[in-house]
Amino acid sequence: MDLKTEFSRMPFEVLFDELLAPYTTLQIGGQADFLAFPEHEKDLFPLLKISQNFNLPITVLGGGANTLILDGGVRGLVISLSKNFKGLEVLLENKDEVLVAVGAFEKIPSLVRFGISNGLSGVERLMGIPGTFGGALMMNAGTATQYVEDLIESVLWLPFGERKMKTLSKEEIEFSYRATKLPAPGVVISSILRLKRGSKEKLEDLYEQNLSSRKKKQPWGRPCAGSIFKNPLNDKAGRLIEECGLKKLSIGSAMVSEVHANFLVNTGGAKSSDMLALIDEIQRTVKKQKNIDLNLELNIIGEEESPTRICSHA
Ligand SMILES: Cc1cc2nc3c(=O)[nH]c(=O)nc-3n(C[C@H](O)[C@H](O)[C@H](O)COP(=O)(O)OP(=O)(O)OC[C@H]3O[C@@H](n4cnc5c(N)ncnc54)[C@H](O)[C@@H]3O)c2cc1C
């Protein structure tokens, strides 16, 4: 049986040659050979088995809020957990702490709202971060001083090569600045978070302050992928890029945000090659002017298809 027939027989949706741009906040990217939407944990087993039999690479896509998909598209199988794998559930509570289970495709803003409305402190540090909790876990998302890892009690995942889901304790996961390493590549299905009881009023206040500060300091509502570069030790990538005079620099339809220099925005119909060329230009300029290497926080996937664009200042 050929691959298309195998995937067509799945009792859930598998799309062929599906354009991935709409699945990312940057709204850039070519087609996935196969984009699957499993609806239950058990659906993952045949998907992974087919991929193994046909030697297909596997990519898991969350909310696409930290991902640049290249215009040549993504070969093999892309898995989206968006049809299910959501949900928030209180598992255990005492007077100080609460254990909460969160599905991998639960959106971060709804987790934050859940925490605040139940007077649970911990998740407020993720305020204003888009995407899913699975993506936030894999990116160890957060702020300058507070990361997702601080919340984790355990993670339920399915390693690509195995037939059984496993639970990882926090100690079995390698967390670092904006990166998380599981023992092997796999699909995160859900996590258990340890949250503290807090004052609902204080959390509400913090939420409002944080939200209005983000709206001022970030290109709110424009297609982007958050911070493109990691902050160098004891410094800020945005400050360095701004000091190099790169705010509003554009290549094709990719532009350094005028609001926050570590955010690149798609001003309309940007190609992935525009983004890559702009990233390269920023790295070269910051190295030349400041002698500092900027490393990517952005997750880049897929194959390139790159016409060169002309560099200009808006
Ligand atoms: C306006 C804006 C503001 C932002 N602000 C912040 C911020 O303050 N702090 C911060 O840290 N980030 C920030 N980000 C980046 C982004 O929101 C976070 O990294 C987010 O957690 C990514 O989640 P996602 O679901 O979109 O992940 P994706 O971009 O879809 O994926 C990220 C990585 O996680 C993997 N992945 C996703 N789901 C799974 C899963 N279920 N199993 C296995 N692997 C998985 C993907 O393969 C990929 O490697 C911002 C982004 C935007 C657009």
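Me: Rings of Phe, Tyr and Trp (its six-membered ring) pair if their centres lie within 6.5 Å; planes under 30 degrees apart are stacked, over 60 edge-to-face, the rest tilted. How many aromatic pairs does the structure hold?

Reply: It holds 4 aromatic pairs. This is a predicted model: local features need pLDDT of at least 70, side-chain atom pairs need 80 or more, and totals for chains, interfaces and linings use all residues. Numbering runs from 1 along each chain as its sequence is written, and side-chain values use heavy atoms, without hydrogens or water.

Me: Why is the pair of F7 and F34 called tilted?

Reply: The ring centres of F7 and F34 are 4.7 Å apart and their planes stand at 45°, so the pair is tilted.

Me: What makes this pair a link between distant parts of the chain?

Reply: F7 is in helix α1 (residues 3-8), F34 is in strand β2 (residues 31-37), and they are 27 residues apart. Helices (H or I, at least four residues) and strands (E, at least two) are DSSP runs, numbered from the N terminus.

Me: Why is the pair of F16 and F34 called edge-to-face?

Reply: Between F16 and F34 the planes make 85°, with 5.5 Å centre to centre. Ring pairs join F7, F16 and F34 into a cluster.

Me: How do you know whether F34 and F16 are buried or partly exposed?

Reply: Buried means under 20% relative accessible area, exposed over 50%, partly exposed in between (1.4 Å probe, protein chains only). F34 has 8%, so F34 is buried. F16 has 28%, so F16 is partly exposed. F7 is buried too.

Me: What makes K83 count as a charge over the ring of F37?

Reply: NZ of Lys or CZ of Arg must be within 6 Å of the ring centre and within 35 degrees of the ring normal. The charged end of K83 is 4.4 Å from the centre of the F37 ring and sits over it. R113 lies over the face of Y207, 4.8 Å from the ring centre.

Me: Why does the chain agree with a compact globule?

Reply: At 314 residues, such a globule would have a radius of gyration near 20 Å; the chain has 20 Å, so the two agree. The radius is taken over C-alpha atoms, and the rule is 2.2 Å times the number of residues to the power 0.38. The C-alpha atoms fill a box of roughly 60 × 50 × 30 Å along the principal axes. Of the 314 residues, 48% count as buried. The chain has 7 helices and 18 strands.
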